[in-house]
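Thanks, everyone. Let me put the chain on the screen, and then we'll go through a few positions and the core.

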Amino acid sequence: VQLQASGGGLVQAGGSLRLSCAASGLSLRSYAMGWFRQASGKEREFVAAITWSNGRTYYSDSVKGRFTISRDNAENTVHLQMNSLKPEDTAVYYCAAQKYASRYDSEYDYWGQGTQVTVSS
């Protein structure tokens, strides 16, 4: 199983980025996907998740209304559209997979390598 995260970069506050996570070795039709982030010196935190069964989505309060998680089963890829970015969104973003959507990173079985998002003020 491999999860390949991409799409990070440097953006000004108020801007947008779209992260992608391409999965191989597993099918998004059977796995829930989550995005987590870890800022320098801080613990990893939940950002968003999407179920495999009905596409139900979950968000942390800090990103609700600004970020959108979606999946493309045909491409076996999950996306995280990030709008109205703030400097406090700066972090390494990780995608992860497990059978059921969860806010807890310890419950995820597979992890991508992370992609850096930097938001300048």
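Ser20 counts as buried, because its relative accessibility is 17% and the cut-off for buried is under 20%. Keep in mind that this is a predicted model. Ser20 sits in strand β3. What does its side chain do? It makes a polar contact with the side chain of His79, at 2.9 Å. Beyond its neighbours within four places in sequence, Ser20 also touches Gln4, Ala5, Ser6, Trp35, Thr77 and Val78.

Hold on to Trp35. Which residues of the largest nonpolar core touch the most other members? Trp35, Leu80, Met82 and Tyr93, out of 29 residues. At least two residues each come from β1 (2–6), β3 (17–24), β4 (32–38), β5 (45–50), β7 (67–72), β8 (77–82), β9 (91–98) and β11 (115–120).

Take Leu80. Residues up to four places away aside, its contacts include Trp35 and Tyr93. Leu17, Leu19, Val47, Phe67 and Ile69 are also among them.

Last stop, Ile50, in strand β5. Buried or exposed? Buried, at 6% relative accessible area. Met33 is 17 residues away in sequence, yet the C-alpha atoms of Ile50 and Met33 are 5.5 Å apart. Outside its four-place sequence neighbourhood, Ile50 contacts Ala32, Met33, Gly55, Arg56, Thr57, Ile69, Ser70, Arg71, Val78 and Ala101.

Terms used: Residues are numbered from 1 along each chain as its sequence is written. This is a predicted model: local features need pLDDT of at least 70, side-chain atom pairs count only at pLDDT 80 or more; totals for chains, interfaces and linings use all residues. Side-chain values use heavy atoms; hydrogens and water are left out. A nonpolar core is a set of buried Ala, Val, Leu, Ile, Met, Phe, Trp, Tyr and Cys residues joined through side-chain atoms within 4.5 Å. Buried means under 20% relative accessible area, exposed over 50%, partly exposed in between (1.4 Å probe, protein chains only). Helices (H or I, at least four residues) and strands (E, at least two) are DSSP runs, numbered from the N terminus. Contact means heavy atoms within 4.5 Å. A polar contact is a pair of N or O atoms within 3.5 Å; within protein, one must be able to donate a hydrogen and the other to accept it, and residues adjacent in sequence count only if both atoms are side-chain atoms.
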